[in-house]
Structures are given as structure tokens and as C-alpha cells.
Amino acid sequence: MRSKSPTATLIKVVSLFRFLPASTTRVVIPLFNLLPDQHQLSLLRPASAFVSLPTHHHHLSFCSSSNPRSLLRKVETYPSSRKITAINTIRSYSVSKTTTIFSTMPPITYEILSEQNATTTNAIIEHYSTSPEFTSLAKSEGDGILQRDDEDASKLQKGIDIAKDKGVLDPEFVPEEYIEVDVLGKSPEDVADEILGTVRKGGDGGGVVVLCGLSGTGKGTTVAKLKEKLEKEDKKQVVCWSNGNIFRSVTLLAVTWCEQQEDCDGFDPVKALTKENLASFMGMLEFGKFNGKFDTKITGLGLNLLISEVQNTQLKSPKVSKNIPTVAEVTQGEVVLFASDAISKMGADGIFTLLEGREQTVNYVRTPLRFTLTLSDMSLIGKRRAAQRLAAGALKEVGKDDGMGEEEVGKALDGQLEIMVKEAEAGN
């Protein structure tokens with residue numbers, strides 16, 4: 001039975017979707033195009049593969065390059081326990097191979113949003129999978145990440161080259177080979193299990209796991225999951241090592257030295273960061289067991305401190321924070337060697353050390369357990385960062401409310417997306 005109006009028929013069909021249960025049931029819709037032969041308009045051929053659609057929150061995108069001639073001839077839907085055959089006599093049309101497309105945006109619950117983890121990120125990426133605004137934001141975020149990574153790598157390499165020129169680092173040093181782990185489509189737990197499959201072949205005792213990769217590949221999350229699994233499943237004592245506090249400690253010593261010089265007006269890197277002074281500052285740092293646990297002690301220039309006790313106070317004071325980049329550039333080699341020695345001591349004591357960082361610096365820590373996280377789809381780096389920002393902004397907007405509905409969460413996310421897209425466009 002032919003419809004009097006293609007548009008009216010289409011609207012009627014779409015309205016019937018409200019009867020489908022809001023569950024994980026999927027509706028399979030075959031899309032058809034008319035054959036170009038005008039004498040065979042009654043014959044239909046497939047225009048694309050079957051499209052599988054969740055039944056929540058149906059949105060319709062109707063695309064055409066000319067006036068419609070017919071709609072989909074027949075569509076039968078089969079939700080789990082119910083059979084709905086209310087949709088029929090519909091034909092699709094196309095002049096430039098354009099078809100009628102039904103698309104969905106899976107809803108995000110408050111529970112998912114409040115988790116603020118990989119589940120949240122993946123849900124947001126799926127939610128906005130067909131959104132040009134999200135795609136634009138993700139590209140902007142991805143480009144920014146890759147640019148910053150390149151800049152950071154260049155600065156680090158400059159510091160390593162300085163250390164080689166000073167003779168602090170061996171210019172002929174060759175690290176063990178890295179094992180690449182593609183994280184595409186894998187959860188943090190999947191990635192951790194893949195890495196542990198290699199780690200556990202090493203047997204009992206301590207060890208060092210080095211983890212590298214571009215920003216956005218999930219290094220921090222993977223390290224946290226590795227620590228959790230090694231402690232709970234393998235009963236290991238695990239330490240996550242960062243060179244950051246060592247750079248801060250050297251900076252504190254350099255700033256303190258300047259404060260004690262009569263001819264220094266504030267921090268003077270030219271006078272403070274000489275080869276002799278840097279050797280002296282590094283000699284004031286000692287890694288070992290203090291009060292029954294491994295720590296780094298700062299002794300000299302009137303200071304007698306343990307990093308664990310001042311890492312959130314003196315080591316993060318403005319006079320230290322603002323001068324770290326300057327000090328770090330010329331102390332890469334010294335800090336790398338200090339870290340390598342400290343990690344070796346912990347390993348000999350049966351402690352498992354997880355070391356995350358850039359290859360330029362972690363290369364000098366000896367271990368066969370070296371992994372680089374990669375993404376075979378680089379666009380996901382930007383999508384992940386965009387999704388993380390949207391999740392944080394939306395949660396801050398809605399606050400703590402377990403009764404928040406999907407619609408309110410969706411509006412909060414949409415609002416944040418609009419704001420961030422405008423910010424990105426203004427920054428370009």
C-alpha cells in the first residue's frame with residue numbers, strides 16, 4: 001500500500017520507535033536504494049550493510065541531494081521478546097548514493113559520569129561518535145598534545161646532549177629493546193595483563209618496569225593498574241618512582257645556595273648551576289632506608305630533610321616551582337644516574353619499581369622490562385583528552401546528585417562541548 005506522502009510516512013515510522021523497550025535490544029534496519037533502471041523501480045537492492053541501532057534516544061538524520069521519490073519498502077524489527085511489525089511500506093531514495101540514516105547517541109548516566117575513568121571516557125566518545133563538534137574538539141586536543149610532546153621531547157634531548165657533553169652520561173649507551181603494546185580497544189586492565197604476561201616470566205624477587213608512550217595513551221592509568229595487580233595478585237611490594245622530586249630537590253639546593261651568596265640577587269642560574277656546584281648539590285642527596293623505609297635525604301646548606309616529609313610543602317614552594325625548568329635542563333644526566341642507582345637498590349631489596357617517563361630519560365635505567373604504549377588509531381589521543389575534559393566539566397556543573405537523570409547529564413555534556421569548541425576556535 002503506497003503512502004500518500006513520503007515525508008508523512010517517514011514521520012509515522014520514526015514515531016513508532018517510541019514503543020521499543022529502552023534496553024540493550026538492537027533494531028536491525030536494512031537500507032535499500034532504488035535501481036537506476038526506471039523500468040524496475042519496484043525492485044530493490046541493498047545500499048549498505050545492516051545498521052544496528054540501540055533503542056534508547058533515537059535521533060533521525062535525513063540526508064538527500066534531491067526530492068524524495070520513495071522510502072524504505074519494508075522494515076521488520078525484532079526486539080528481544082516482542083516482535084514489532086508496525087514499520088512497513090518504506091523506500092529509500094538516492095540520486096548521489098545518499099540514503100536515509102537512523103543514528104543514535106547512547107545516553108550517559110550520572111553513575112557513569114561520576115566514575116571519571118576509562119569507562120566514562122569511552123562512553124562519551126561513543127556518545128559523540130557522530131558529532132562534528134566533538135570531532136573538531138578532539139582534533140584540536142590531539143594536535144595540541146602532539147605538539148607539546150614534540151616540544152618536551154626536544155627539551156629533554158637537549159638536556160641529555162648536555163649531560164653527554166659533560167661526560168655525565170655515556171654517549172655510546174644503548175638501552176634494552178622496548179616492547180610495543182597497542183592499547184587500541186583495550187581497557188587499562190587488558191593492557192596491564194598484557195604487560196604482566198611478560199613481567200611474570202621473570203620469576204620472583206624485585207624488578208623494574210619502564211613504561212613510555214605519548215600523552216593520552218594511558219600511561220598513568222596503566223601504572224596504577226599494574227601497581228594494584230602486583231600488590232594484590234603477586235603480593236609484591238611496589239614503588240612508583242618519579243624523577244620529579246629529585247629535580248625539585250636539586251632546585252631547592254640551587255635556590256638556597258643563591259640565597260646564601262651576597263652577590264646574588266634572587267636565583268642566578270649562571271652562578272648557581274656550574275659543573276662544580278651541580279656535583280656538590282647531587283652529593284647532598286642520599287637515597288637509602290630512613291626510618292625503616294626507602295627515601296631520599298637532603299643534607300647540606302643548612303638543610304636536613306626527607307623528601308617524603310617535604311614533597312608537598314617546601315618542594316612545591318613558588319621559589320622552587322618557577323625555577324624547575326631551568327634547573328632540569330642542565331641536570332638531566334645527574335638525575336637520571338641518581339634514579340638508576342636508587343631503583344637498583346630497591347630491586348636488590350625485593351621491591352618492584354614502576355617507572356613512567358620519556359624514553360630520553362628512562363633509557364638509562366637498566367631493565368629488560370621496557371614497554372611503549374602505542375595507539376594504532378592516533379585520533380583516539382585527541383578523543384580521549386576531549387572526553388576527559390568534557391567529563392570533568394560536566395561533573396563539576398551537575399555536582400553531587402545521585403538522582404540526576406540522563407537528560408540532565410546529556411545537557412551538561414552538550415553545554416561543556418559548546419563552551420570548549422568555542423574556546424578551541426578562539427585559540428586557533
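K227 is partly exposed, with a relative accessible area of 25%; here buried means under 20% relative accessible area, exposed over 50%, and partly exposed in between (1.4 Å probe, protein chains only). K227 forms a salt bridge with E231, and their closest N and O atoms are 2.7 Å apart. A salt bridge is a side-chain nitrogen of Lys or Arg within 4 Å of a carboxyl oxygen of Asp or Glu. E231 is partly exposed too, at 31% relative accessibility. E231 and K227 are four residues apart in helix α6, so about one helical turn separates them. Helices (H or I, at least four residues) and strands (E, at least two) are DSSP runs, numbered from the N terminus.

This is a predicted model, in which local features need pLDDT of at least 70 and side-chain atom pairs count only at pLDDT 80 or more, while totals for chains, interfaces and linings use all residues. Residues are numbered from 1 along each chain as its sequence is written, and side-chain values use heavy atoms, with hydrogens and water left out.

By the salt-bridge rule, the count comes to 22. One of the bridges joins E334 to K166, with the closest N and O atoms 2.9 Å apart. E334 lies in helix α12 (residues 324-348) and K166 in helix α4 (residues 132-166), so this pair ties together parts that are 168 residues apart in sequence. E334 is buried, with a relative accessible area of 13%, whereas K166 is partly exposed at 23%.

Another bridge links K319 and E259, whose closest N and O atoms are 3.1 Å apart. Because K319 is in helix α11 (residues 318-321) and E259 in helix α7 (residues 244-259), the pair ties together parts that are 60 residues apart in sequence. K319 is partly exposed at 33% relative accessibility, and E259 is exposed at 51%. Salt bridges that share partners also join E189, D193, R200, K229, E233 and D234 into one network.

Other charged residues gather in a patch. E111, E115, D401, D402 and E408 form a patch of negative charge on the surface. Patches are made of residues with over 30% relative accessible area and no salt bridge; like charges are joined within 9 Å, and nonpolar side chains (Val, Leu, Ile, Met, Phe, Trp, Tyr) within 5 Å. E111 is found in helix α2 (residues 110-115) and is exposed, with a relative accessible area of 58%.

A nonpolar patch on the surface consists of L146, L214 and M378, which together have about 210 Å² of accessible area. Accessible areas come from the Shrake-Rupley method with a 1.4 Å probe, and for residues only the protein chains shown count as cover. M378 sits in the loop between β16 (370-374) and α14 (379-398) and is partly exposed at 38% relative accessibility.

Two loop residues have a positive phi. K235, in the loop between α6 (219-232) and β11 (237-241), has a phi near 55°, a positive value in a residue other than glycine. N291 also has a phi near 55° and lies in the loop between β12 (285-290) and β13 (293-300). K235 is exposed at 67%, and N291 is exposed at 70%.

The cysteines remain. The structure holds zero disulfides, a disulfide being a pair of cysteine sulfur atoms within 2.5 Å. The sulfur of C264 is 4.3 Å from the closest cysteine sulfur, in C258, which is too far for a bond. C264 is buried at 12% relative accessibility, and C212 is buried at 1%.

Methods
Lys, Arg positive; Asp, Glu negative; His and termini not counted. Charge placed at Lys NZ, Arg CZ, Asp CG, Glu CD.
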